[in-house]
Structures are given as structure tokens and as C-alpha cells.
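Work through the following exercises with the sequence and the coordinates at hand, and try each task before reading its solution.

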Amino acid sequence: MSIDNFMILLPILTMFTGAIVILLASMFFDKKLMIFTISSFYLAVICFAILNMHAYDSVQLFSNTYLYSDFGSLLIVFFAIIGIVCILFSCLYYNLAEKQLLFGDYAAITTTILGSAMILVHSIDIILMFVALETIAICQYVLVSLPRTRFSAESAIKYLLNGAIATAIFAYGIVFLWGATASTNILDIGLFITNANDSSVAILLFSILLITIGIAFKMGLIPFHGWIPDVYFGGPINVIAFLSTASKGTAFIFFAIFAMFIIGDKPGSLAIWWSGWLSLIGILSMFLGNASALQSTNVKKILAFSSIAHAGYFSLGLVTIILGNSNGLSSVFLYMIAYGCANLLVFFVVILNSQSNNNFSLDSFQGLFYRNKILGIFLTIGLLSLTGIPPFAGFIGKFYLFYNVYNPNYWWTWFLVIFAVLNTVIAAGYYFRWIKIAFTQSNKKINKIHYSNSVYALLFFLGLFTIIIGLYPNKIIFYSNQMSDFLRILLS
Amino acid sequence: MTINEFLVWLIQFSPLFSSALIVMLFYKKSSISSNISIAGIGFSWLLSLWLLFSSIIEKGHSFVMDQHLWISVFNFDIEFGIMTDGLTAIMVFVVTSVALIVQIFSKGYMEHDSSIPRYYTFLSIFIFSMLGAVLASNLLQIFIFWELMGLCSFLLIGFWFEKPSAVKAARKAFLVTRFGDLGFILSIVLIWNSIGSLDIMVINSKVTSMDTNVLLFAAFGLLCGAMGKSAQFPLHVWLPDAMEGPTPVSALIHAATMVAAGVFLVARFFPLFESVDMIQTIMIVIGITTLILTGFLGIAANDIKRVLAYSTVSQLGYMFVALGLGAYIAAIFHLITHAFFKALLFLCAGSINHSTDTFDMRNMGGLSKLMPLTFTTFLIGSLSLCGLFPFAGFWSKELIIGAAYEKNIIVFVCLMVGVFLTSFYVFRALIMTFFGDFHPTSEFSKLKKHVHESSRVMSYPLLVLAIPALFLGFIDFFHIFEEMLYNANPYLNSDHGEHHFHLFIPVISIGLITLGAIFSYLIFYKNYLKLFRNNLNSSFLVKLLNERYYIDYFIEKVFVTRFILGSLGNSLVFFDKKVIDRAVNFTGKFSINIGQIFVRSVNGQIQFYSFAIIGGLLVCQIILLLVSFYVLGT
Amino acid sequence: MVVLTLLIPFLASLMISLSPNSAKYQPKYIALFFSLITFLFSMSFPFIYDFADGAYGGYEKFVWLNELFPFEISIAFGVDGLACLLVILTNLLAISAVLISFNIKDKAYYTWLMILQGSIIGVFVSLNLIQFFIFWELELLPMFMLITFWGTGNREYSAMKFVLYTLVASALILTGIIILGYETQSFDIIQINSMGMLVDSELVSFAFWFLMIGFLIKLPIFPFHTWLPDAHTDAPTAVSVMLAGILLKMGGYGILKIILPTMGFLLNDYGLLLGSLGAFSIIYGAIQTLKQSDLKRVIAFSSISHMGFVLVGIASNSELGILGASLQLITHGLISGLLFLGVGLIYERTNTREISDMSGITNQFPKITLIMMFAGLASLGLPGMIGFIAEIIIFIGSYQSLPFVTVVAISGVLFSAAYMLWSLQRIFFGIEKNKYNSEDINSWPQLVSTLLLMFPIVAFGIYPQPFIAIMEEGLNFLLNAGAIL
């Protein structure tokens, strides 16, 4: 391993080192020092990634199992930022001792997940992928059970058991894929598939279907969504906030890159089949997720179902990639950032609102705006962004996604666009209801609630990001387009 | 004699200025406001006199006036201006004269009313609109003032807005005339689309180049508008109800403004109408139907204003018949004489009402001794209305009947029936009001000593109006009038109103008038044929007349209430609420219900989740297998 | 200047929300001040800009997104003749809306009102489809908030219905915009319009219908109208004014600005269908008004009826028909705004909108009677007022291509007279039923707010040429699809 390779891997190595150091430090350090340690590690990761971004050309490492690119560095920055935001937020405003969640453990596991995610999005070998995915999954099981309450334990065990089935299916898929193509490198697999004749399509399809289902479970698409409502409902909410953003994002990005490599530039009959399934599942998820959220009165459930619905939108983005749209990856990435910011924003407000009484019913938000104006405004921004109302990031994300979903070569992509667009209307039903409740003045005496400036700073950061991305998503798209262009060069 | 355009505009706008002045400065001062209004219309009258003389000197030819661009957009150019030909000059003079007298009369009639400024404002705008319609050089311009007139009639008929009946009558007047205006709008649309201009001169000159069908519909549309305003059958229903307004307003509406406007419109576009035979036939049929049907209604009415109203409709029927016969000059002539004597009659009715507080003739009688001046003038007006020699009405009616005799004998007979009817109801009204004694059962008889001749401000106008009602007919001897009207419209295709004088026609008509008078006298004064009368009262015929042939009943109760508001309205509301809105709500509820059903699948059972995963996998696999088998063939 | 006009309302909303809670800085005065400024600014457009041959005034362009799409996307602002008038109308109604709500003290209320104003201006001055859509959507939230929290009756249901209904419209419009983007490889409205008509294809007619139905929902036209009566009934007065006055106009504006220059040729195929829909809407709305007992619902359905004229005019695809339709947008904005102001004034005094509860109140409220009668007469298309001109031009224009539809539409004139007079008479005239212990209009804000709208109704009704000339210049461009910058 040359020094260059080391530099390229430095962010990830820092991540894992950080995880160990955090775990150790949590035994000795007090809260302030912990925060300092964690932030310094994450900042280091971000700095390294940014330094790497312009220093190296894209390169394959470790017997062609690891692909370095600027886009990958960008993803590292993205994950690191989400991670630090989540951890800092949990630390600042969640009385961890009381909730029986060891902050050190939480931070260390989170860091490990993110480290694995960073590897996952870079990996171009299915074995490495599998390892990274499983690391993430196992860490998540632990994370959910961390508070050691009855609910979280139950959620964790449900998650674990279902996850095991999904992993098994995923592993089957990998095996069949290897069997069909005699390679574990997805670049090779992609080349094989491009040149494959129709007779071998069936087995390829079979394997890819298994892999798709394995990942669909992680993304929470219907009918592989069973764990989501239960885990969201039972798990600790700060963990859920992290899960719904960072680890789901990992699955999307991974799937996007995977699909891109497999399909390349020339989508054949395989691609049509694949996209057909995925859009079917996506449509189901969108509609049923939104419809279920519409009738829920518990915010955790609403968020759970809304995340299922959003997974449906994501799967449409994945369909565009499978069908060979060169902007597909960018649209998924943009939507992920938009969704991540808005989702975290909403989650954080939910956490802050429910902090005192642990009440997650929709009614507990009544008069939020009058209790705390800032909270009310940020909740509104988050929800509007999730709905897709301009000028927030959610709008431009959705618009770009829908614009790319349509593929002139496949007429039926129209229905996807229309269906997705109309689904946003259903979604608006519950988001607007929530906003309304937040602005409804309750008859009871208003107890104004206050938080420290640092929590506002975090909220402000996310809110600002939501607006900035909504108004000017140029740079992000620039990087992700570079990435997909590069991959295209690589494949051709 | 040159004519200044500004001064002609001033004829029209001086009433508007006076009304604006009232609204802005003297809205709280009754007497000043009425004086201002009278001054405004008086000024108009002076100018119109001058216009009339100028026009007479020019023999009715149109003065060249500037056209002013009102709208110019794409190819839609509308220029507004003034037409000052013989027809206009005469009409303006008649309108301003009658209006001036009515305004002066109103000063006495309305003296006890609390909202005189409002009254005079509306009245002035009304006259302004009528003058505008008469002076307009553009079809759209006519329409604008035409509609404003409709508005003013609405405001004036509903002047006493606390009275529900007045409110209803006002609405009825507006809506019925507007129904006719639909045709007006349609013909504006048709004419513009066919010749690309709405200028009256251009329209009249291009009649020959227009498509026959377009011409037919355009003429018919205009006719509908005219029928609405001139209260021709079946759009006559508003006019009798319009009695709810103050009596001077009725005088104005019935004499010089609203109803005259319809006839004026047809006269204005006479080349258009006379070029389509069918329209002429329609006009004759409508005119005859109107004059006979409303003639009968006039016999049955007990309200003196109502009798006069039906007589107005009936006389308008004469004018329409005349127009249909091509006797354009005769129609206008009758319009003018009618304007004066009908204004006179209404003002008399107002004068009677002012001192007796009633309009019901059954409560009157013997007023000839108590109100001699009113009686005399009313008598003059009545005889003029009957068409008795040598009153004004005789001359104009004779022209029409003569024209009918030469064109079509059936029409002639119908007109003669009309003459008889007119005389019958006119004398009935005269007898019931002025002769005999008070009706034994009337409460009014107790007030006998309060009945008196009206004050000077009310009685002098009657005297003034009696002069034209007496002598206006002689103007025809000089042929100035005919010449003016004839020259007003250079595109007429035949001679109009020219016919040979047959001595037997006036003889027959005077005979019929006398017959009518005698019948009236016998039935209503001498109470002969009492048996016949009693039978008549209970008969179907009387009921039919009292219910006004069930036309109002049909329109109001059956068509509007039962159909529009009833079945159609209810079914549309049902459709809106129960079909469309329910479909909308259903879409929302459907989503929620789907959600509720789906949420049950999230039951916390881990086996179920696993089953879903495996099931999903299996379903996908089966699809794959099936399709790959059938489609891909592997 | 255009950008400034757009920004001021947003600035105002920010200032209002941040203003201290003291008697000195009452939000209503801030709102009034800024809406006056925007109005004055927008009033200057016709004087400082030349709209001849469809030129855009105050054109500003900023590069925005150059990475997302294969083509560059710029934020562009500018007004043509049509947009200029609509912006002026917006600002005029905004002043009225602020004045009529002078008894409301909430900061939030004025904040939302200003955001509403700003986003509507944004719709009219945007020259980029995405930007257009952004402002189009932005207006939802303030409307939702204003109806939900300051409305009356079943306001929460109505607000939600409004939002979801209009979001369906937005969804369709978004789809249409996406197709347009694919077809023209641009989102720049000027550029798209200057390309001339698109080539007829299945996709284009898809786009046509998506956009058309989206805009028709907003207009609204039968059978997509049911949100409007509910939203109107439960909205506060100022919002009703804005809703009827301008929000509906956005639908018509969208058709004129986006559909006509690109896909106008499809009107030749579908004109009869759309025209019939418009004519049916006229009659349908009119008959519905006759059956309503709530005064606001009467006016709401009358709006549906009047917007039918707009559709008839547009469907005829003739110069005059389209001109009339765009005039009708403005005139209906003024007239229905005034009607709703009047209803608000009545409601404030009588606390009821049920027609049957009122009778003969004219003696108590002569000024309100005058205002409402004025507005009612304007609404029924009385000549001398602005509504007449629009209607007659529509009739004249649409006759050539849609003769039968025009005949049906003309009959709407009778209906409008019938329901307007009938409902107004039932309220104001007849026997006095109740005595209300409140006075006629006696405060200047209420008087001014109505006078502001009455003046242009009469002034341009008597002499419409200056106003029509601006409109014509704007439409020249859309009709001839010729790009001149």
C-alpha cells in the first residue's frame, strides 16, 4: 500500500480509529471533552475527504475491489456531516444517562456505521459490499437496542430477525450472480451483462432480483417494510433519526452505484425487467406509505410511513439509473441530500418537542409555534421540504427526480411521473395537517420552551442547508455528474 | 346653419352633469336638487330645440360629426360619435320635452317623499341614457346607453325599495328587457363578424352585402332587444308591473324613454329590417298579437295605471305593425304623438293619485267635478289615444291603418279590432274615474272632501302636454316631418309611409271608436247588460284576463320557480354536492381507508413480516418465471 | 424595478414578523406602507417600460442552474403587457386587502398576507417555468394558514381541500412543465415562446392536457370547481378578495402565457370541447348561485360562471377572444374583489352571510348598499363598467370559431343579471327584518379599500383604451410567438 493509497483511505481509517477512541474515551472523559473528541475526529474526516477530492484522479485499489472518486469523497463529507449533526444533537439535547443510553457507545457505533457506509459506497466488489452492508446492519441492530428498554429490545429483535432473512436473500443473490458471471467484481459483471445473450438473462435476473430484495429491505420498500414502523415506534428516536437518514441513504447510494455498474450505458431486456419490478414496488411504497401516514395520529408512525413513501420516490430514481439515464445518479443524490436535511430537521424538532413528556401524538404539537417560534418555523421548513413545496430543497430534489424519471425510450415511465407527482398531493395531506396543528393556538396556557443556542445553531444549519440547496443545487449536481461521467468512461 | 358638436354632446350630458352635481353637492337638499335637475334637462331641451330647427333647415340630412376612437385593439375599432339626422333631432326633442315636463310635474308629485335627490339623480341619468341611445352613431354605443336605461328603469321602478312588490317589479323589468338584450348582443356579435364594423351608417349601407342568414339573425336579434324594451308580446310582462314605481317615472318610461327606445332602434336600422321579409312578417305578427291581447287586458284591469300600461303596450303594437309594414315614418309619427298623449295620461293619473291616494278605479268616480283640469286634460289624452279626429293620435294611427289597408287586408282588420278595443277600455277608464258617483263600498268616499285639484306645479304640465296631444297631428300637413325622417336614412329602399288617403278608413275607425264608447257607456255607466257582466265576471275569459293569459304565471311559477329554481337547480345542486364534491371527498377518504387497511398489516407479528418478504420474493419470481417462459421463451 | 416590486412584499413580511410588539409599530401600518409602495412601483411599469411588440419590461436574468439539466436555467424576471396589468391588479387588491383587515392585529396575519402578495407577483413576473412553478406553489402555504387560522366556519376542512385540490393542479402542471422541458430543451419562457409552436405529437397533446387541466382547476371550471365555494366561504374577507381577485387569474395567465404560444394549435382541435366546457361552466355556475343561501357562495359560484367566459374566449383561439379573456381576468379581479369586500363589510356588521337572515338593510347601511349594488351591476356586465367590455369582446371574438358556444355564453349575461339582482335585492331591499346595532361604513380604511377598486371599474369602463392598449401589446407576443427582447 503506497502512501497515496493511505491518503485515499485516510478518512475511512480515521473513522474507524475514531470509533475505537470514542469508545475508550467514553470511559474517562466528561461530556464536554467527549464532544470535543468526536467533533475533532469528524472534522478531520471531512478535511481529509475534501483534501482528497482535488488531489487524486479516480483509481481502483486492493485488487480492484475499491474505487476511489471525487464523488466518493463528497459522499464521505456528506455522511460525516450527517453523522456529526446526529451525534452532536443527541448529545446536546438528549439526556442520555436518563434514557439508559450510553453516549459513548452510541457515538462509537454510529461512527462505525458511517465508516462502513463510506467503504460500501466505494466498493466495487460484491464480497466487500456484503461485508460492509452486514457491518452496518449489525451495528444498527445494536444501536436500536441500546436504551435497553422493553420496547427497544423488542424492536431490535424484530429488526434482527427480519434482517437475517433479508441478508440471506441478499447472499443468495450474490452467489447466483457470481455463478452466472464467474466474477465478483461488478465492473466485470457489468461487462459480462452488457455482452450477455438473452439465454443467460433469466439466471441474471434471478440473482439480481434477490439482491434487489435484499436492499429493498434496507430501504424499507413495501412489502419488505415490516420492520420500519415497529422499529421507528419502539426504537430510541435519536437513533431512528440517524437510521432514517444516514443508513437508508447508504442503501440508496449503494444501490444506485451498483445499478450503474451493472447496467452501464446500454440497458437491455434485463434493465427493463429490473426497472419494472422496482417501479412496481416503488409505486406500492409511495401510495401505501402515504396513505398509511395520512390516517396516523402518531408522529413516529407518520415519519415511519413517510420514510417508506420516500423510499418509493428513491426507487423511481433508481429506475432512471437502471434505464440508463445519465443524470439518474445525480437526481438520487440530490434528492437524498434534500430528504436527509429535511428529515433530520423534522426529527430534531420532534425530539425537542417530545423531550419533556415523551409524547409523540400529533396533538402534542399543538401550538408549537406559540411555545417556541423557532421550533415552529423549522418544523414548517422541514415539512414543506418533505412535501416538495418550493423554495426548499425537497422541491428541487423532486422536480429533478421526476424530470429524469421520464425516459423517452420507455413510454411507460410517464405513469411513474404522474403517479409520483400525484402522490406528493396525498403526502401534502398529512404534512399540512401537521403544520396546521403546530400553528394552532391551544386554549391551555402556553408555557414557552427554550433551548440553548447550540441546538438552535444545529437546527439553523440544517434549515439553511435546506433552503440553500433548494435555491442553488448547482455544486452538488456538478460533483455527482462528474462521478457518473467518470463511471461511464470506466465502463465504456 | 352649422352645428356645433360640443353643444350636441351637451344635450346628452347636461342631465348627467346635473345628476353628478346633485350627488356630489346637494344630496341632502331636496329642493335644490330638483331645481338643478330641472335646469339640466331644461338646458337640454333648449339645445334640442335648436337642434331640431337646424335639422329642419337641413331637411333631416345628417350633419357630419367627428368620430372618436373608443376602443382600438387588433382589428376591433369602435368609434363613438353623434348622429344628428332628422330622426335623432325629432327624438331628442320629444325626449327632452316629455322629460322636462315630467321633471317639473315630479316636483309636485314627489314633494312628500324623503329621497327626492335620489329620485332626481336617477331620473337625470335615465334621460341621459335615453339621449345617449338616440344620439349614438355606433351600435355598441346605442347598446351601452340602452343597458344604462335598463338600469335606470330598474332603479326607478324599485324606487320605493321597502315595497317587496316594487322590488320584484324592478327585477322583472330588468331581467325581461335583458332577455331581449341577449338578442341585441348576439346581433352585435353577428354584425361585427360579418362586416367588421358597428357604425350605424356602415351597417345600413352594407345591408345588401351581408349574408342572408346572418342578416336574418342579426335583424331578429335586434328585434328581440327592441321587443324587450318596447314590451312586445311575449316580453311585455314587465311593463304592467313597472307601475310600482312613482307615477312620473311611468310617464317617462311609457312615453319617451324605454318603450320608445325599442321602436327607435328598429327605425334606426330600418334598412336592415326591411331587407328581410321574414322579419317584417314577424314584426307584424308580434305587433298584432300584442295589440289585441293587451287590448283585452286593458278592459279587465281595474288599476288606472295598469289600463294605461296595457294601452301603451297595445299602441306599441301598432308601431311594430307599422314597422313591419314598412311604414317607418308612420311608426315614428305614432311614437311621437303617443309620447305626448301617453305622458299626459300618466301625469293625469299621477295627479289623481296625488289627491286620492289610490289607483284603483273601483274606488273612484265623479272626479270630473272635483278635478276639472285633470279631467279635461285626461279627456284630451284619451281621445288622442283612441285616435279620434282631430286629435294627434288620429293622424298617426290613420297613417298606420292606411298602410295596412294597402298592404294586407287581414292586418287592417286586426288593427281595426284594436281601435275598437282601445276606445272600449279608454272610455271604461274615463267613466269609472270621472263620471258617476263614488262607489258605494269604497273607503275612499269618506275622503271625498279632501279631493282637490292638484297644485300648479302639477297641473300646468298637464296643460302643456295637452297642446301637442291636441295639435301635433297637423304637423304632418307640412310634410317636413316626413322629409326629415326620410332623409335621415339614406339607405331606405322604398318610400315609407306614403299611401293614398282613403276617406272610408277614418270613417270606419271613428265609427268603431264611437261604438266602443257606446258599449262602454252602456256597460259601465248605465249598467245595462248587468246580467252579462255578472256572468262575465265568473267566466273563464275574465279569469284568463285577470291572470294575464297565465303568461306571467307560466314564466314566474312554472319556468323560473319550478324549472330553473326547482328541478334543474335542485338536480344541479345535487350533482354538485353529491356527485362532484363527493367524488372529491371520496378520493381523500379512499386514500385514508387504504391506509387504514394497510396499517393493519403492520401488526407487530414478526412472522408476518417474514412472510411478506418471502411472499414478495416469490411473487416476483413467479412473475419472472411466467414471463420468461412466455415472452423470452426460456 | 420589477425585481424590486417582487422583493418588497417579502421584505415587508420579514419586517412585520420581526417588528417589536408595540403600539408604534402596528403591523397593519407596515403592511399598508409596503403594499402602497409596491403598488406605486407597479403603477410605474406602464410608464417606464415599452411593451410594444410584446417586449418585456424590467427584464433581468441571472444564471441559476447550469448543471442540472442539459440546458442552462436562468432566473428571469420581466413583465409584458398582460403581466404588468396583473401585477398592478395584485398590488391594488393587496392594498384593499390590508385596509379591509385593519381590525386584525396579528403580526402573523400580515406576514402571511404579504408573502401571499409576493408569491402572486412572482408568478406573474417569472420568465422561467421552474421559477414560475416555485412561486405558483409558494402561494399555497399563506393561503392555507390564512384560511385555517383567520377563517370562519368549517375552515380547516376548506383550507385542506384548497391545498390538496390545488396541489393536484400543481402536480399536473409540473408534469406538463416537464414534458415542455423535454420537448423544447428549455425552461425559459421567452425562449420557449419564441420557438413558435411545437411539433404536434402525442406527447405534446399530453402536455397540453396536463397543463390545461391544471390551469382549469385553478381557474376553476366545472367539474374542477368544488374547492372554490368552500375556500371562499370560510376564508377571511381579505383572503377572499385575493383569492377571487388574483389567485383564479393565475390559471388564466398560465394558459395564456404557457399553453397558447407553444401548443395553441391544439385549440383548433380541442377548442370546441373546451369552449363547451366553458359555456357549460357559465350556465352551471349561474344556476348554482340561484340555489345558494350563503352570500359568499353566491359570489363564489358567480366567479366560476365568469371564469367560464375566460375559457370560452381562450378556446376560440382568436385574437379578440383571447384579448377578451385576458381582459376578463382583470375585470373579474376588480369586480369580485369589490364584491367580497362588500360581503366582508356586511358580515362584520350583521354577523351573518345567510341571505334569508337579511332583508331591507339598506336603510341602515346605505353606503354598503351602494358599494354592493355597484359591484353587482359591474358583475352583471353593465355597460359603462369594465366587465361589459371584456364580455362583449369575448363574444365578438369567439363567435367566428365557436358560434354555438358563444350563443350559450351570451345567455350567461341574463343569468348573471338574474342572480346578482336577486341576491342583492333580497339582502338590501324589501321589508326591514332586523335592526343591527352597528353603523354604516365610518372608518376611512374600509371606505378607501372599496373606492380603490370602484375607481378603475368605472374609469376604464368609460374609456378602456389605455388599459386595453397595454393588454394588446402583451398579447401580440403570445399570439404571434415572436421573440423580441
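## Exercise 1: the contact of chain C with chain B

Between chain C and chain B there is one salt bridge, a term that stands for a side-chain nitrogen of Lys or Arg within 4 Å of a carboxyl oxygen of Asp or Glu. The model is a predicted one, in which local features need pLDDT of at least 70 and side-chain atom pairs count only at pLDDT 80 or more, whereas totals for chains, interfaces and linings use all residues. Residues are numbered from 1 along each chain as its sequence is written, chains are lettered from A and ligands numbered from 1 in the order in which they are written, and side-chain values use heavy atoms, with hydrogens and water left out.

Solution. On the side of chain C that touches chain B, the most residues come from helix H17 (residues 403-428), which gives twelve; helices here are DSSP runs of H or I with at least four residues, numbered from the N terminus. As for extent, contact, meaning heavy atoms within 4.5 Å, takes in 60 residues of chain C and 47 residues of chain B. The buried area (accessible area, 1.4 Å probe, lost on putting two parts together and summed over both) is about 4700 Å², and carbon and sulfur atoms give 74% of that area. Within chain C, the residues that lose the most area to chain B are C:Lys291, C:Ile396 and C:Leu414, together 12% of what that side buries.

## Exercise 2: the contact of chain C with chain A

Task: state how many residues each chain brings to the contact, and which pair forms the salt bridge.

Solution. Chain C brings 37 residues and chain A brings 39 residues. The area buried between them is about 3400 Å², with 81% from carbon and sulfur atoms. C:Glu67, C:Leu68 and C:Tyr182 supply 19% of the area that chain C buries against chain A, more than any other three residues. The salt bridge joins C:Glu156 to A:Lys436, whose closest N and O atoms are 3.2 Å apart. On the side of chain C that touches chain A, H7(C) gives the most, with 14 residues.

Definitions and conventions: Helices (H or I, at least four residues) and strands (E, at least two) are DSSP runs, numbered from the N terminus.
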